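Reader: I would like to go through the packing terms used for this model and to ask what stands behind each of them.

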Amino acid sequence: MHYDFDKIIDRTHTNSVKWEFMQVMEPEVTADTLPFWVADMDFPCAEPILTALHNRTEQKVFGYSSHDTPEFFQAVCGWYQKRFNWNVDPAHLAYSPGVVPAIGFLLDLLTKPGEGIIIQRPVYHPFTNIIESRSRVVVNNPLINLDGDYRIDYADLEKKAQNPDTKVMILCSPHNPVGRVWQKDELLRLGKICLQNNVFIISDEIHCDLLRRGIRHTPLETLFPREQNRIITTTAPSKTFNLAGMQFSNIIIRDDELREAWALYVKGRLGIMGPTPLSIVATQAAYSQGEEWLEQVLDYLDKNISFMQSYLAEHLPKARFSPPEGTYLAWVDFSSYGYTHEALYKKFVREGQVLPQSGTVFGREGEGFMRFNIACPRSVLLEGLRRVAAVLNQGTNPV
């Protein structure tokens, strides 16, 4: 079927964090502010998911539920196999209510207070929060920005991985916010450095399905078949199928002892027993029947990215924007407009009534940048860009 992603869906009165709780991020927003901050889509879910949820609600009872069925695992593992030629044993899947909680659980199991965790800023900010809240140490291996083309600083990574107090690296693949989809040679070099220095890798691959045409994602663990026990991969249907509120993540833990320790800790100590009935149904339907919808979403996102690139080139030529290889996030450098970062952000919010994600949230490497979620109808994206251009072009009103 054909999906109409130009249609605007009113998300008010749905407890939407993105639309109704913007003041959590910025107290100065108004009722007219357009949100481009948090990473969920403004597109309707795939019809097979909605149908499956409707059929489940018609059963009228929502008791304790389990996803331990052949149909569920066939849907999830079949997706990995088809999309990435990635063979995942269902026995190696662990449930988590989210990727961020899962990373926290893993840090509790793999590290002690005072030990170091490598991240690559500018990077998804909950990584920092989850490390510091556990009294672990952030070890920053900042990405190298070559005029918008981000690269890994391998010399710095090796130096930091050699520190015996450094125990884990959290890899963001594809990378949020810069949008890089790491190539095989990049991943091989990174993985070898970490594994040769006994550094576990938690590979956050939540954006793995959201790729530009012609770009391929490589699951890190597939490059190290003999060392998979020291690589943990976190995945979820949340970004791919716009199911963040379902709170379902699949964590791939190959090591038997670590998976047993996970079960004792997550289920035994924390009491997190399993997913909700509706999240099971939504996840299974997404992976077994959602591919047609995703392909249409990817086409629409590609066009939104091209539209944004053209608009910025015409109306905001000093803005530097490298189209992302993955994710639905636009990472835009506005530093050439001469404002301090704080002043720039306040102008967007106060004068433009646009709420992006401030680049410094992702580390000081994000100074002068704003992150925009462009998974929205093109008319909304256009209006947001018009507002930004009006603010930065001395109050003019571009077409």
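Reader: What is the handedness of the crossing in which helix 2 passes helix 10?

Author: In this predicted model, helix 2 passes helix 10 in a right-handed crossing, and the axes of the two helices come within 8 Å and cross at roughly 145 degrees.

Reader: Which residues of helix 2 and helix 10 make the contact?

Author: Helix 2 contributes Pro 48, Ile 49, Ala 52, Leu 53, Arg 56 and Thr 57, while the residues from helix 10 include Pro 277, Leu 278, Val 281 and Gln 289. By class, this contact has 10 nonpolar, 2 polar and 1 charged residues.

Reader: Why are helix 6 and helix 7 called roughly parallel to each other?

Author: Helix 6 (residues 154–161) and helix 7 (residues 184–196) pack at an angle of about 20 degrees, with their axes 9 Å apart. Angles under 35 degrees count as roughly parallel, and helix 6 and helix 7 are therefore described in that way. Their crossing is right-handed, and the contact is made by Tyr 154, Leu 157, Glu 158 and Ala 161 of helix 6 and by Glu 186, Arg 189, Leu 190 and Ile 193 of helix 7.

Reader: What makes a set of residues a nonpolar core, and which residues have the most contacts inside the largest one?

Author: The term requires buried residues of the nonpolar kinds, such as Ile, Phe and Trp, joined through side-chain atoms within 4.5 Å. The largest such core has 43 residues, and Ile 49, Phe 241 and Trp 293 have the most contacts inside it. Helix 3 (70–84) is one of the elements that give two or more residues to this core, and the largest share, 8 residues, comes from helix 3.

Key:
Residues are numbered from 1 along each chain as its sequence is written. This is a predicted model: local features need pLDDT of at least 70, side-chain atom pairs count only at pLDDT 80 or more; totals for chains, interfaces and linings use all residues. Side-chain values use heavy atoms; hydrogens and water are left out. Buried means under 20% relative accessible area, exposed over 50%, partly exposed in between (1.4 Å probe, protein chains only). Helices (H or I, at least four residues) and strands (E, at least two) are DSSP runs, numbered from the N terminus. Axes are lines fitted to C-alpha atoms, for helices over the stretch in contact, and angles run from 0 to 180 degrees between N-to-C directions. A crossing is left-handed if the near helix is turned anticlockwise from the far one by less than a right angle, and right-handed if clockwise. Contact means heavy atoms within 4.5 Å. Ala, Val, Leu, Ile, Met, Phe, Trp, Tyr, Cys and Pro count as nonpolar, Asp, Glu, Lys and Arg as charged, and the others, Gly among them, as polar. Angles under 35 degrees count as roughly parallel, over 145 as roughly antiparallel, 65 to 115 as roughly perpendicular and the rest as oblique.
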